[in-house]
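Hi there,

Here is the structure I promised to pass on. Please have a look at it first, and then read my notes below.

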Amino acid sequence: MVGIARAFFTSALVYGVVGMLLGLSMAMQHNHSQMPTHAHVMVIGWVSFAIFGLFYTQHAKSVPRILSYIHFWLAQLSLLGLVVGLWLIYSGQTQYDPVAAVSSTAYALSFVLFAIIALLAMRMPKV
């Protein structure tokens, strides 16, 4: 596994560990107020990013490098903003709702970009 595939899968592992630690921390403190933050870290950070990494393992040569880098950085930065926004919101600082809203919109755009990349790559013959 090399390049963008490795970058996505490595970040997925990091998010998986962070999500698990957040879940354990909530359980030990009997305070589950950050459950939405935990869920987003696990589903987007761990699951989606791992799937992106596995996709790029198989199809990276069929994808223009610039598109895969745009996808990677848009997904990373939007997830970071979303997690920070959610953390602040569920810590009682609801004035940060726009951070989460803008970040989720950016992540949705990164996912639409991925869908386009995937559909185009699957239509091309494998090189």
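What follows is a short tour of the helices, their contacts and a pocket.

First, some housekeeping: this is a predicted model, in which local features need pLDDT of at least 70 and side-chain atom pairs count only at pLDDT 80 or more, while totals for chains, interfaces and linings use all residues. Residues are numbered from 1 along each chain as its sequence is written, and side-chain values use heavy atoms, with hydrogens and water left out.

**Overall layout**

The protein chain has four helices and zero strands, so that its elements read α-α-α-α from the N terminus. Helices (H or I, at least four residues) and strands (E, at least two) are DSSP runs, numbered from the N terminus. Along the principal axes, the C-alpha atoms fill a box of roughly 50 × 30 × 20 Å.

**How the helices pack**

Helix α1 (residues 3-29) packs on helix α2 (residues 35-59) at an angle of about 160°, and their axes are 7 Å apart. α1 is therefore roughly antiparallel to α2. Axes here are lines fitted to C-alpha atoms, for helices over the stretch in contact, and angles run from 0 to 180 degrees between N-to-C directions; under 35 degrees counts as roughly parallel, over 145 as roughly antiparallel, 65 to 115 as roughly perpendicular and the rest as oblique. The contact of α1 with α2 has 20 nonpolar, nine polar and no charged residues. (Ala, Val, Leu, Ile, Met, Phe, Trp, Tyr, Cys and Pro count as nonpolar, Asp, Glu, Lys and Arg as charged, and the others, Gly among them, as polar.)

Helix α3 (residues 65-89) and helix α4 (residues 97-123) cross at roughly 155°, and their axes come within 8 Å. That makes α3 roughly antiparallel to α4. Residues in this contact (heavy atoms within 4.5 Å) include Leu 74, Gly 81 and Leu 82 of α3 and Ala 106, Tyr 107 and Phe 114 of α4. By class, 15 are nonpolar, eight polar and one charged.

α2 also packs against α4, at an angle of about 25° and with axes 11 Å apart, which means that α2 is roughly parallel to α4. Among the residues that meet are Phe 49, Phe 52 and Phe 55 in α2 and Phe 111, Phe 114 and Met 122 in α4. The contact of α2 with α4 has twelve nonpolar, two polar and no charged residues.

**The largest pocket**

The largest pocket holds about 270 Å³ of space. Of its 13 lining residues, Val 2, Gly 3, Ile 4, Ala 60 and Lys 61 lie nearest its centre. α1, α2 and α3 each supply at least two residues of the lining, which divides into eight nonpolar, three polar and two charged residues. A pocket is an open set of points on a 1 Å grid over the protein atoms alone where a 1.4 Å probe fits, with protein on both sides within 12 Å along at least five of seven lines; lining residues have an atom within 4 Å of a point. Grid points are joined across faces, edges and corners, and the volume is the space filled by probe spheres set on the points.

Best wishes
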